[in-house]
Amino acid sequence: MGWQMGAAFLAASILISFFHPTGVMSFTPAKVLLPRAPRIVLLKVTWEPSNPVAGQNVTLIPGGLEVFHVCRWYRAAAVDEANEIFSYHPPPPSHWQQKGSAYTGRETGGPGCTLHITNLTLDDSGNYTVTKESRAMPLNIGHALLRVSEPPSVPDSACSKRSGIISGIVLGSLVVTAMIGILLYFLLRAYYPSDNKTSTQLISTYAMYEHLSPSVGENP
Ligand SMILES: *[C@@H]1O[C@H](CO)[C@@H](O)[C@H](O)[C@H]1NC(C)=O
Ligand SMILES: *[C@@H]1O[C@H](CO)[C@@H](O)[C@H](O)[C@H]1NC(C)=O
Ligand SMILES: *[C@@H]1O[C@H](CO)[C@@H](O)[C@H](O)[C@H]1NC(C)=O
């Protein structure tokens, strides 16, 4: 009877552990409904340099699909054939680029669907769009808000330098004038100690010159 009791106890303990809420053996519901893959995936676009200046080059670098069969760049916020710069077909067999309506001759596609624009103009500013297509994969689409700024103009910096020099000269001459004035004041006091003018009285520079001229003539 002992072994039968033991077997019954074992069976009972297995059943309890199986259905126990915190038991290791727990059921996970079968994934009957798989989430449907999105048909569009937003990708991030970065660019180098981050603050492009007119006359410079820029390279726009999209993230997203590493392997794709074609990608397209648009000079607009929307996928629109009229604004297509080019379509880029990566290798194999070899990469090739097909010009679109918005191609200006300054745009080149590169690995990973980079967009290289040379000799930027202020008009190149805008919301660019890139798409990457691959069979059986959702469409990858990204935007880049490019702002091309004016280069710091040379005449401006020369002008500010000149105004700096001028203000330096003005300040310097003011200091020199003040020093001459102070010097003349003390010279005058030294030459005319009995003068009833007090030290607090202000004497204009012209007045000082008037007083000084005869004294220079008198004293050899
Ligand atoms: C701009 O790109 C062109 C072609 O890729 C290159 O010849 C030129 O040196 C670049 N200019 C600057 C300023 O990087
Ligand atoms: C660029 O255009 C897209 C599509 O219209 C828009 O969703 C996005 O906000 C725009 N980006 C910026 C920075 O304006
Ligand atoms: C860059 O563009 C300006 C006008 O936007 C033009 O005068 C200049 O020749 C161009 N430079 C190059 C290297 O293409």
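**Exercise 1. Which residue in β3 does valine 45 stand opposite?**

This is a predicted model, where local features need pLDDT of at least 70, side-chain atom pairs count only at pLDDT 80 or more, and totals for chains, interfaces and linings use all residues. Residues are numbered from 1 along each chain as its sequence is written, while chains are lettered from A and ligands numbered from 1 in the order in which they are written.

Step 1. Find the strands: strands (E, at least two residues) are DSSP runs, numbered from the N terminus. Two strands pair if DSSP finds at least two bridges between them.
Step 2. β2 pairs with strand β3 (residues 58-62) in the antiparallel sense, over four bridges.
Step 3. Read across: valine 45 stands opposite proline 62 in β3.

**Exercise 2. In what order do the four strands of the open sheet stand, and why is one side of β2 and of β7 left without a neighbour?**

Step 1. The order is β2-β3-β8-β7, with antiparallel pairing.
Step 2. β2 (45-48) and β7 (107-110) stand at the edges; each has a single partner strand, so one side of each lacks a neighbour in the sheet.
Step 3. From one strand to the next, the twist averages 20 degrees. Such angles run from 0 to 180 degrees between N-to-C directions, and the axes are lines fitted to C-alpha atoms.

**Exercise 3. Trace the six-strand open sheet. In what order do its strands stand?**

Step 1. The order is β1-β10-β9-β4-β5-β6, and the pairing is mixed.
Step 2. The edge strands are β1 (40-43) and β6 (96-99), each pairing on one side only.
Step 3. Start at β1. Its pairing with β10 is parallel, over four bridges. Isoleucine 40 stands opposite leucine 139 in β10.
Step 4. Move on to β9. It pairs with strand β10 (residues 139-146) in the antiparallel sense over seven bridges. Threonine 129 has histidine 143 in β10 as its bridge partner.
Step 5. Look at the hairpin of β9 and β10. Five residues lie between the strands, and alanine 136 takes a positive phi near 70 degrees.
Step 6. Continue to β4. Strand β4 (residues 70-74) and strand β9 (residues 126-133) pair in the antiparallel sense over five bridges. Arginine 72 stands opposite threonine 131 in β9.

**Exercise 4. Which residues are around ligand 2?**

Step 1. Apply the cut-off: a residue counts if its C-beta atom, placed from the backbone, lies within 6 Å of the molecule.
Step 2. The residues are Ala77, Asn127, His143 and Leu145.
Step 3. Sort the shell: two are nonpolar, two polar and no charged. Here Ala, Val, Leu, Ile, Met, Phe, Trp, Tyr, Cys and Pro count as nonpolar, Asp, Glu, Lys and Arg as charged, and the others, Gly among them, as polar.
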